Amino acid sequence: MLETSARLLRLLSLLQTPREWSGAELAAHLEVDVRTVRRDIGKLRALGYPVDATVGSAGYRLGAGANLPPLLLDDEEAVAVAMGLRTAAGGTIAGIEESSLRALTKLERVLPSRLRHRLTALQQATVAVPDGGPRVEPDTLTAIAAAIRDQHRLRFDYRTHTGETSLRTTEPHRLVHHGRRWYLTAWDVDREDWRTYRVDRLTPRTPTGPRFTPREAPDPASQVSRGVTTAPYRHHARLTLLAAAEQAAEVISPTVGVLEAIDANTCILHTGGDTLDAIAVYVATFGFEFRVIEPPELVDHIREMAARLQRAAE
């Protein structure tokens with residue numbers, strides 16, 4: 001049997017998993033009887049841990065309290081949290097750099113030496129490129145996340161790329177972090193269609209709207225990828241690449257185009273550009289054989305460009 005202090009730490013670790021434990025299950029894990037479990041639960045409550053009990057089934061779970069209680073992290077979790085905090089200190093969410101560094105300092109101070117060595121090695125081997133993307137206020141992200149969680153309509157003022165502002169009423173679905181930007185995928189109530197919005201361009205209005213029943217939604221990651229790679233451009237194109245999707249993904253960034261696997265040797269690229277010549281030149285640099293699906297006028301541009309290049313090489 002574990003000593004009382006060690007048993008309490010083990011009990012706390014079990015309760016921090018996202019599930020409900022019966023007294024018998026906890027007793028089996030701790031190798032004690034149910035009466036001892038009840039006493040240990042009482043000790044944790046006396047220390048300020050909000051342990052909730054389900055009436056009738058003697059189920060226990062760690063609830064939310066007025067103050068954040070200490071957390072028990074295993075080695076992998078501690079390293080993951082530390083690296084996440086370091087990344088957040090230079091991320092795209094405005095105003096959390098200082099708080100991230102404070103939390104990281106507290107965590108590193110109590111890490112055992114074996115984990116400090118691992119974290120130091122990771123930090124020394126990792127170089128962060130300064131992010132030049134637009135900044136997003138934490139309050140904006142949390143307001144959107146709360147509306148998604150509570151299934152409340154979200155109203156916001158939205159600024160387009162031309163600088164025009166309009167009021168949008170939406171049924172928010174998901175937040176997506178893509179490249180250096182945050183996006184919201186949502187059902188636009190007035191336009192009756194799924195839309196993608198850049199979070200740095202929207203200002204939520206309060207209060208939120210009435211509750212809504214979630215509708216079947218497209219995959220948010222794919223929706224954002226398609227919107228980022230094709231919607232902003234004058235010309236859209238689909239091309240068959242004579243390469244596996246996995247191979248093409250090694251050289252084609254998700255911000256450039258969306259890849260759709262066909263078979264083991266071919267895939268389709270959905271992309272866009274301000275001019276057809278720009279699309280032709282860019283696709284040619286990937287190093288793959290390709291065939292144009294659409295638009296048909298892109299074929300003429302490729303022929304004209306090939307002729308110019310041939311003349312330049314003679």
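These legends go with close-up views of a predicted model.

Residues are numbered from 1 along each chain as its sequence is written. In this predicted model, local features need pLDDT of at least 70, side-chain atom pairs count only at pLDDT 80 or more, totals for chains, interfaces and linings use all residues, and side-chain values use heavy atoms, with hydrogens and water left out.

**View 1. The whole protein.** The protein has 11 helices and 12 strands. Helices (H or I, at least four residues) and strands (E, at least two) are DSSP runs, numbered from the N terminus. Of the 314 residues, 35% are buried. Buried means under 20% relative accessible area, exposed over 50%, and partly exposed in between, with a 1.4 Å probe and protein chains only. Contact means heavy atoms within 4.5 Å. Among contacts between residues at least 6 apart in sequence, 58% join residues at least 24 apart.

**View 2. Confidence along the chain.** The pLDDT is the predictor's confidence in each residue, from 0 to 100. Its mean over the protein is 84, and 89% of the residues reach 70 or more. Confidence is lowest in helix H5 (residues 97–110), at a mean of 74. It is highest in strand S4 (residues 154–159), at 96.

**View 3. The five-stranded sheet.** This open sheet has the order S7-S6-S5-S4-S8, with antiparallel pairing. Strand S7 (193–198) and strand S8 (202–204) stand at the edges, each with a single partner strand, so one side of each is left without a neighbour in the sheet. Neighbouring strands of this sheet are turned by 50° against each other on average, direction ignored. Two strands pair if DSSP finds at least two bridges between them. Helix H7 (residues 138–150) lies across S4, S5, S6 and S8. H7 runs at about 90° to S5. Axes are lines fitted to C-alpha atoms, for helices over the stretch in contact, and angles run from 0 to 180 degrees between N-to-C directions.

**View 4. Strand S6 and its two partners.** Strand S5 (residues 165–178) and strand S6 (residues 181–188) pair in the antiparallel sense over eight bridges. Here His177 has Trp182 of S6 as its bridge partner. S6 is also joined to S7, antiparallel, by six bridges. Asp188 stands opposite Asp193 in S7. S6 and S7 form a hairpin, with four residues between them. In the turn, Glu192 has a positive phi of about 50°.

View 5. Strand S9 (residues 235–241) and strand S11 (residues 267–273) run antiparallel, joined by seven bridges. Leu239 has Leu269 in S11 as its bridge partner.

View 6. Pro296 lies in the loop between S12 and H11. Pro296 counts as exposed because its relative accessibility is 61%. Pro296 and Ala237 are 59 residues apart along the chain, and their C-alpha atoms are separated by 9.3 Å.
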